[in-house]
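Hello,

Here is the structure we talked about handing over. Please load it first, then read the notes below.

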Amino acid sequence: MAAILGMTGEIVHASHHCKLNNLFHTRYRRDNFVLEMLSRRPMQGLKLAYSGTWLIQLHSLPAYKIEDRANFHCNAVTSTSDVPLSEKVNFLKLQNGSDIRGVAVEGVEGEPISLTEPISEAIGAAFAAWLLDKKKPAASKRLRVSIGHDSRISAQTLQDAISRGLASAGLDVVHYGLASTPAMFNSTISENEDFFCPVDGSIMITASHLPYNRNGFKFFTNTGGLGKTDIKDILERARIIYEKFLPESLKESVQDRSLSFKKIEYMTVYTSDLVKAVRQAAGNIEKPLEGFHIVVDAGNGAGGFFAARVLEPLGAVTSGSQFLDPNGFFPNHIPNPEDKAAMKAIIQAVLDNQADLGIIFDTDVDRSAAVDSTGSEFNRNRLIALMSAIVLEEHPGTTIVTDSVTSDGLTTFIEKKLGGKHHRFKRGYKNVIDEAIRLNSIGQETHLAIETSGHGALKENHWLDDGAYLMVKILNKLASARASVSTSGSKVLTELVQGLDEPAVAVEVRLKIDQKHADLKGGSFHEYGEAVLRSLENAVNSDRKLLKAPINYEGVRVSGHGGWFLLRLSLHDPVLPLNIEAPSHEDAVKLGLSVLAVVKEFPALDISALTKFVQID
Ligand SMILES: O=P(O)(O)OC[C@H]1O[C@H](O)[C@H](O)[C@@H](O)[C@@H]1O
């Protein structure tokens, strides 16, 4: 490895670009570009960036002034002397909206591993190159990246692999161990040099609530989570890097366990910020939750910290909390507040323990839900209503941005009861957050962006979707209500959502598009789905009992029979999800039948779930 350090100078002195290309790539392939950058400062001059072709930036070697960056292009992509790895990987298949997701361990039939160590290592190197391009650090500055993970069994392996990729490109890597997704973002904005913060970039290893065999990556900088375009860019860079790996270098790399990274107990910083926030909101009382009994269900994900490190220091009793220990097989229930079994489990825990409040998180704690002392859920529309009530008390008249599947009753509640404005946008937490930021930028004040999935972000918290912070806002309300009036339990919260009109029936059926069906005529599922939606729109226009929503940002949303339906394209899958809400099952069936009349004309659609739903027995 020392040889390659010397080679940097050699390359520069040679100043022959073809020679540079060859030397660099020969070494790159041989050493897999794992340079132990953390411990070998001399290499900090060499950084990789990508701008269509490979570019070597020599940052901290002033003797080797590069006047023209273009002259240093190493055209690795088209180099014919390279021997690419025979295996071709479709990196873009690993993209899931603004995340990377794949199968990380064997064990589920028909689901071969797609997120291997070399692939993860290439993704690490690609993120490093992307970050260097974005940050354009000064010659003397080394970029720092924090890495955390949830409780998944593949966490360690992926952490090691992605760290190697980052280190190979000359970045410093700090390991946080078990952490939450919001804590990782937080590390890009915390000012705390003792904890190496702020970091320049952060990676969370998680696949949220998906089964144990899956895993993935979320990426952050101090401007928030990376979006779809950036993820695509990173995956395209990763493909190029991966195709340059040689089998023997991969073997070496996987075997190279000698790299060591800094390990930090960052959750201490993050949790103490949460504790501080509640104390401050309660008027600097040390234990504002004294006398409250609050149970937490972490579903064996990463959220177990909330009981001992947030609630208990604030004075709450947390006995009866469950599934706090990390277990990547998720043996008790899926850690997902949208999951019925998960909600049932926390409701039961609240009732069994006669607790004042129940709190449940998803695996990586960017989503949450709560349960009041009567066992009533603050989930989906009810969680949005509760958060809207809290935020509108603080910011009267503000706009609440939500996803598209929110109920008509929620709009009435926000606009008529709370005096706010409901901006129903698209599905997808990133879409909702970005829309809130856009509205603010054009002068429409908004402080809350929240999805029925339990993702919620506040302006005051850097628009970070943080399940734990949502719960902090609720705890503030509990604490302040107790300090000002004589109220007990979570009654104050239950009262805040009084008047929210909830439908008797709320269902979601998902119509799968068979991508191999001849009816697609070689087109994409996306085009096919759009054709279904156009057809539905035409049918609705000629049905006097149905009324298309005047303002709608995705799919076809229609009112009728006292309720509404929304048919739209899934964000990620070849699926058309259909949401129906109605005052009775009969009305919901009527709405379902009007959709069925259209979708049954599209043979590539699996309409069995809808057919089943509309069968009146
Ligand atoms: O469009 P769908 O398939 O219903 O999925 C939509 C959901 O996908 C992911 O789970 C995102 O994290 C959510 O923010 C989004 O709402």
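In which sense do strand S18 (residues 446-450) and strand S19 (residues 456-458) pair, and over how many bridges? They pair in the antiparallel sense, over 3 bridges. Leu448 has Leu458 in S19 as its bridge partner. Keep in mind that this is a predicted model.

**The five-stranded sheet**

S18 and S19 belong to an open sheet of 5 strands. The order is S17-S16-S18-S19-S20, and the pairing is mixed. Strand S17 (421-424) and strand S20 (464-465) are the edge strands, each pairing on one side only. Helix H11 (residues 380-394) packs on this sheet. H11 touches strand S16 (399-402), S18 and S19, and its direction makes about 170° with that of S18. Helix H13 (residues 429-441) lies across S16, S17, S18, S19 and S20. H13 runs at about 170° to S18.

**The four-stranded sheet**

Another open sheet has 4 strands in the order S12-S13-S14-S15, again with mixed pairing. Strand S12 (294-297) and strand S15 (377-378) each have a single partner strand, so one side of each is left without a neighbour in the sheet. S12 pairs with strand S13 (residues 357-361) in the parallel sense, over 4 bridges. Val296 stands opposite Ile359 in S13. Helix H14 (residues 467-484) lies across S13 and strand S14 (368-372), at about 30° to S14.

**Domains**

The protein is divided into domain 1 (2-265), domain 2 (268-496) and domain 3 (505-614). The C-alpha centres of domain 2 and domain 3 are 31 Å apart. Their contact takes 8 residues from domain 2 and 9 residues from domain 3. On the domain 2 side, the residues that touch domain 3 are 2 nonpolar, 3 polar and 3 charged.

UniProt, in an unreviewed entry, places the feature "domain: Alpha-D-phosphohexomutase alpha/beta/alpha" at residues 95-234, 275-375 and 380-487. Residues 95-234 are 33% helix and 25% strand, with end C-alpha atoms 10 Å apart. Residues 275-375 are 28% helix and 14% strand, with end C-alpha atoms 26 Å apart.

**The ligand**

Why does the ligand lie between domain 2 (268-496) and domain 3 (505-614)? Both domains give residues to the shell around the ligand, so it lies between them. The residues around the ligand are Asp403, Arg427, Gly428, Tyr429, Glu451, Ser453, His455, Ser570, Leu571, His572, Asp573 and Pro577. By class, the shell has 3 nonpolar, 5 polar and 4 charged residues.

Best wishes

Notes
Residues are numbered from 1 along each chain as its sequence is written. This is a predicted model: local features need pLDDT of at least 70, side-chain atom pairs count only at pLDDT 80 or more; totals for chains, interfaces and linings use all residues. A residue is near a molecule or strand if its C-beta atom, placed from the backbone, lies within 6 Å of it. Ala, Val, Leu, Ile, Met, Phe, Trp, Tyr, Cys and Pro count as nonpolar, Asp, Glu, Lys and Arg as charged, and the others, Gly among them, as polar. Domain bounds come from an automatic or database domain assignment. Two strands pair if DSSP finds at least two bridges between them. Helices (H or I, at least four residues) and strands (E, at least two) are DSSP runs, numbered from the N terminus. Two residues are in contact if their C-beta atoms, placed from the backbone, lie within 7 Å. Axes are lines fitted to C-alpha atoms, for helices over the stretch in contact, and angles run from 0 to 180 degrees between N-to-C directions. UniProt positions are given in the numbering used here, feature names are shortened, and annotations may be inferred rather than shown by experiment.
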